[in-house]
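Please keep the coordinates open beside the text while reading.

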Amino acid sequence: NDSNISWNGSIFEVEEGYVNHPVKGTSYYGAYMFANYYGMELPTEFEWEKAARGMSEAGYPWGDNYGDDISDNANYLNSGDPWDNGTTPVGYFNGDNGTHYSPSPYGAYDLSGNLSEWVQHDLFMSELRMTRGGNYNDSPAGLLVFLKSYTAPDNTSAPVGFRCIRRLP
């Protein structure tokens, strides 16, 4: 598959050259097991959206500029970044590199673009799992934070990854 992470029987290893990039090409099961192995979880769909939007109703984590050129805010299809149509390093859209400062209200990067992310959710169709955030194969409209996608939990599509959360006691 197109994953840049593997399990060697005792540890997870990231493909050389992708250490600062998000993990891609993982199934829901793989993302869940990775998080569990390190004492973390996948965020729920509501936690993910709160991290992406804060208290705002904006369409993107950095604000509401739908229809405008967002190539300096996020990684999407033909956005023109140096890693076009693949993953950018985490935090690349930080105001350096000729980009705009583009974190969410809570300081998280790449919640729109780069990779779609697996989330936990309660869905009546239990054979499917949800991803959020859009990815490097989507148009700018596909990166809107309120959009949801559903796919089989064993799907290992290249532009799908995950982020982990740790619950505080």
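At 56% relative accessibility, Asn78 counts as exposed, because it passes the 50% cut-off. The model is a predicted one, and Asn78 is placed in it within the loop between H2 and E3. The phi of Asn78 is near 55°, a positive value in a residue other than glycine. Most residues other than glycine have a negative phi.

- Asn114 is another residue of the loop between H2 and E3, and with a relative accessible area of 1% Asn114 is buried.
- Once neighbours within four places in sequence are left aside, the contacts of Asn114 are Pro22, Asn75, Gly86, Thr87, Thr88, Asn135 and Tyr136.
- Between Asn114 and Ala51 the C-alpha to C-alpha distance is 16 Å, while 63 residues separate the two in sequence.

**Nonpolar core and surface patch**

- The largest nonpolar core is made up of 9 residues, namely Ile5, Val23, Tyr28, Ala31, Phe34, Leu42, Trp118, Val160 and Phe162.
- The element that gives the most to this core is helix H1, spanning residues 28-37, with 3 residues.
- Ala31, a member of this core, is in contact with Thr26, Leu42, Trp118 and Phe162 when neighbours within four places in sequence are left out.
- On the surface, Trp7, Ile11, Tyr37 and Tyr38 form a nonpolar patch, and together these residues have about 410 Å² of accessible area.
- Trp7, which belongs to strand E1 (residues 5-7), counts as partly exposed at 41% relative accessibility.

- Helix H2 covers residues 45-53, and its buried residues are Glu45, Trp48, Ala52 and Arg53.
- The packing partners of the buried residues of H2 are strand E3 (116-119), strand E4 (129-132) and strand E5 (148-151).
- Ser116 is a residue of strand E3 and counts as buried, at 7% relative accessibility.
- Apart from neighbours within four places in sequence, Ser116 is in contact with Thr131, Arg132, Gly134, Asn135, Asp138, Pro159, Val160 and Gly161.

**Salt bridges**

- The structure holds 7 salt bridges, one of which joins the side chains of Arg167 and Glu41 at 3.1 Å, N to O.
- This pair links distant parts of the chain, since Arg167 is in the segment after strand E6 (160-161) and Glu41 in the loop between H1 and H2, 126 residues apart.
- Both partners are partly exposed, with a relative accessible area of 41% for Arg167 and 29% for Glu41.
- A further salt bridge brings together the side chains of Lys148 and Glu45, at 3.0 Å, N to O.
- Because Lys148 lies in strand E5 and Glu45 in helix H2, this pair ties together parts that are 103 residues apart in sequence.
- Lys148 counts as partly exposed at 38% relative accessibility, whereas Glu45 counts as buried at 7%.
- Glu117 forms a salt bridge with Arg163, and the closest N and O atoms of the two are 2.8 Å apart.
- This pair, too, links distant parts of the chain, with Glu117 in strand E3 and Arg163 in the segment after E6, 46 residues apart.
- At 6% relative accessibility Glu117 counts as buried, while Arg163 counts as partly exposed at 24%.

Technical notes:
Residues are numbered from 1 along each chain as its sequence is written. This is a predicted model: local features need pLDDT of at least 70, side-chain atom pairs count only at pLDDT 80 or more; totals for chains, interfaces and linings use all residues. Side-chain values use heavy atoms; hydrogens and water are left out. A nonpolar core is a set of buried Ala, Val, Leu, Ile, Met, Phe, Trp, Tyr and Cys residues joined through side-chain atoms within 4.5 Å. Buried means under 20% relative accessible area, exposed over 50%, partly exposed in between (1.4 Å probe, protein chains only). Helices (H or I, at least four residues) and strands (E, at least two) are DSSP runs, numbered from the N terminus. Contact means heavy atoms within 4.5 Å. Patches are made of residues with over 30% relative accessible area and no salt bridge: like charges are joined within 9 Å, nonpolar side chains (Val, Leu, Ile, Met, Phe, Trp, Tyr) within 5 Å. Accessible areas come from the Shrake-Rupley method with a 1.4 Å probe; for residues, only the protein chains shown count as cover. A salt bridge is a side-chain nitrogen of Lys or Arg within 4 Å of a carboxyl oxygen of Asp or Glu.
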